[in-house]
Amino acid sequence: MALEMRDRCERCETTELPADGPARICSYECTFCVACGEAMGQVCPNCGGELAARPRRVAVARRL
């Protein structure tokens with residue numbers, strides 16, 4: 001089962017979150033930018049769970 005890699009912060013909704021960039025995520029996949037995560041004390045406002053660094057996905061060049 002793969003993580004849903006959301007591309008926008010759920011709090012500020014303006015920060016783009018590329019799959020290979022830093023973000024914070026809870027166990028329910030609520031996703032926030034680093035600045036919002038820090039402002040919320042690394043606690044998810046939706047579930048109360050811990051926000052942790054989201055794993056990054058490296059863009060892979062496609063072979064044709």
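**Salt bridges**

E4 and R6 form a salt bridge, with their closest N and O atoms 3.2 Å apart. The term means a side-chain nitrogen of Lys or Arg within 4 Å of a carboxyl oxygen of Asp or Glu. This is a predicted model: local features need pLDDT of at least 70, side-chain atom pairs count only at pLDDT 80 or more, and totals for chains, interfaces and linings use all residues. Side-chain values use heavy atoms, leaving out hydrogens and water, and residues are numbered from 1 along each chain as its sequence is written.

By the salt-bridge rule, the count is three. E4 is partly exposed, at 43% relative accessible area. On this scale, buried means under 20% relative accessible area, exposed means over 50%, and partly exposed lies in between (1.4 Å probe, protein chains only). R6 is partly exposed too, with a value of 24%.

R6 also meets E10. Their side chains form a salt bridge at 2.7 Å, N to O. E10 is partly exposed, with a relative accessible area of 30%.

Next come E16 and R8. Their side chains meet in a salt bridge at 3.9 Å, N to O. E16 counts as exposed, at 57% relative accessibility. R8 is partly exposed, with a relative accessible area of 38%.

Shared partners matter for the grouping: salt bridges join E4, R6 and E10 into one network.
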